[in-house]
Amino acid sequence: MVSEVDLSLVRSSVREFAEELIPYARKIDEENMVPEEVLDRVREMGYLALRVPEEYGGPGLSMLESVVVIEELSRVSSAIGIMATVSGSMVVYPIARYGSEELKEKYLGLLAKGGIGAFALTEPCCGSDAAAIQTRAVRESGEYVISGEKVFITNAPYADFFIVAARTGRPEDRHKGISLFVLDKGPCVRVSKLSMMGYRGSGTSLVHFDECRVPEENIIGEENTGFKKLMMTLNEGRVSTSASGLGVMQAAFDEALNYSRQRESMGKPIIEHQMVQYMIAEMATILETARLLVYKAAEKIDKEEPDVPLYSSMAKLYTAKAGVDLVRMAMQVLGGTGYSKDSIVERLYRDIKMIEIGDGTNEVQRMVIVKSLLGKIRI
Ligand SMILES: Cc1cc2nc3c(=O)[nH]c(=O)nc-3n(C[C@H](O)[C@H](O)[C@H](O)COP(=O)(O)OP(=O)(O)OC[C@H]3O[C@@H](n4cnc5c(N)ncnc54)[C@H](O)[C@@H]3O)c2cc1C
């Protein structure tokens, strides 16, 4: 297990790197893209391969260490933080856990060398109802031919390859007819970048797969067994996404505390007004509670405990709800300044809402929590 000392070393090294991102964070949001020079530095640091095991050339971080990296990156740039979440955790998981040795060597090796992966599950027809996806994979002389449309896919414009969930069975088989594939980006893949409210620059896109041919060796595990693998991946994804939310929350809290000490009203700094103190105290408590829960969920993943789905969803639900509340209070502390485009808190306010939607909405987390409590979901 990771010691407190190791964790603080990880944190201080990422924090040092994140300083480099400060001058770019606004530009990434405004231009809805990460400049090449920033992407190159992020690749070099191995942040897009966080969970790739050392035997494949990656940093081999534990879940808890990855959480700290994502938190610290997101504190400065949510876009970079979520790119690391997807490529370094959600793309790694299904390959490392269920992929063949050939897939591991090729794709985990690629990530370790600075390649980028994307995770393509959601479709225009269906997000929460993942068992209803329509993208098809048809087996044809030693290959699978994949056609369909995916939406809101993080990293897509930057990605070298995609984890794609596709239907190999009948639509009425729902979750029992889904398989997972690794698909290289090529001419059959069309990426159209979307203009989202927050997490801008992370490349959220509409992606068309037009008769993409992948070798049959690129299936992850057996045919029609992809859904369970997706759900297992989402357990890890939800904790990583929550970690990104923690970074956004920390940034908003820091801004609010700092401003409340400097801004004066009615003859004293606003931090001396009891109603502002109330908000600062609430924010500090929310932040620490969320962090404890996210770290606990990460430790459960590291120990492979059976209640991982319960804790992943509780961490995600709490961080999302409390995060929206915290950033709203931070903006309130900053008054009109917070509502201005010149303020970082304006961006954080747009960013934090994503945590209530991405990797499963709050409503979906509640469903997982109840099913887990009833013993219907375990790893
Ligand atoms: C910035 C961003 C990045 C993303 N990145 C990725 C990515 O990289 N890869 C990927 O595959 N997806 C990604 N997503 C998609 C995300 O996971 C989905 O948006 C999410 O799962 C919700 O799906 P939906 O948008 O289709 O909403 P819907 O499923 O249509 O839900 C609409 C509303 O209905 C509610 N609802 C639906 N079904 C039920 C039910 N049974 N009971 C109660 N309420 C219900 C939902 O909670 C929600 O409030 C991203 C989304 C965003 C915003």
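Predicted model: local features only at pLDDT ≥ 70, side-chain atom pairs only at ≥ 80, totals over all residues.
Biologist: Fine. Which residues is V294 in contact with, leaving aside neighbours within four places in sequence?
Modeller: V294 is in contact with V67, V239, S242, A243, L246, A315 and T319.

Biologist: Which residues touch the most other members of the largest nonpolar core?
Modeller: That core has 121 residues, and F181, A252, V294, V327 and A330 touch the most other members. Helix α9, residues 308-339, gives the core its largest share, 16 residues.

Biologist: Let's look at R238. Where is it found?
Modeller: R238 is in helix α7.

Biologist: Is R238 buried or exposed?
Modeller: R238 is buried, because 31 other C-beta atoms lie within 10 Å, and the cut-off for buried is 20 or more.

Biologist: And what does R238 touch?
Modeller: Not counting residues up to four places away in sequence, R238 touches S312, S313, A315, K316, D359 and G360. A315 is also among the contacts of V294.

Biologist: How far apart are R238 and V294?
Modeller: Their C-alpha atoms are separated by 9.4 Å, and the two residues are 56 residues apart along the chain.

Biologist: Next, helix α10. Which of its residues are buried?
Modeller: Helix α10 covers residues 344-352, and V345, R347, L348, Y349, D351 and I352 are buried there. These buried residues pack against α1 (4-31), α4 (78-90), α7 (226-262) and α9.

Biologist: How many bridges join β4 to β5?
Modeller: There are 7 bridges between β5 and strand β4, residues 161-167, and the two strands run antiparallel. One of the pairs is A165 with its bridge partner L180 in β5.

Biologist: What about phi at F152?
Modeller: F152 has a positive phi of about 60 degrees although F152 is not a glycine. Most residues other than glycine have a negative phi. F152 is in strand β3, residues 143-153, and counts as buried because it has 20 C-beta neighbours inside 10 Å.

Biologist: And what is phi at Y199?
Modeller: Phi of Y199 is positive too, near 50 degrees. Y199 sits in the loop between β6 (189-193) and β7 (205-215). With 29 C-beta neighbours inside 10 Å, Y199 counts as buried.

Biologist: Where is S100, then?
Modeller: S100 is in the loop between α5 (92-98) and α6 (101-112). S100 is partly exposed, because 14 other C-beta atoms lie within 10 Å. The C-alpha atoms of S100 and N218 are 8.6 Å apart in space, while the residues are 118 residues apart in sequence.

Biologist: Last topic, the ligand. Which residues come nearest?
Modeller: Of the 21 residues around the ligand, L121, G127, S128, T361 and E363 come nearest. The shell divides into 11 nonpolar, 8 polar and 2 charged residues.

Biologist: Which elements each supply at least two residues of that shell?
Modeller: They are β1 (117-120), β3 and α11 (362-373).

Biologist: Why does the ligand lie between domain 2 and domain 3?
Modeller: Domain 2 (117-224) and domain 3 (227-373) both give residues to the shell around the ligand, so the ligand lies between them.

Conventions:
Residues numbered from 1 in each chain as written. Core = buried A, V, L, I, M, F, W, Y, C linked by C-beta atoms within 7 Å. Buried ≥ 20, exposed ≤ 12 C-beta atoms within 10 Å, placed from the backbone. Helix = DSSP H or I, 4+ residues; strand = E, 2+ residues; numbered from the N terminus. Contact = placed C-beta atoms within 7 Å. Pairing = 2+ DSSP bridges. Near = placed C-beta within 6 Å. Nonpolar A, V, L, I, M, F, W, Y, C, P; charged D, E, K, R; others polar. Domains from an automatic or database assignment.
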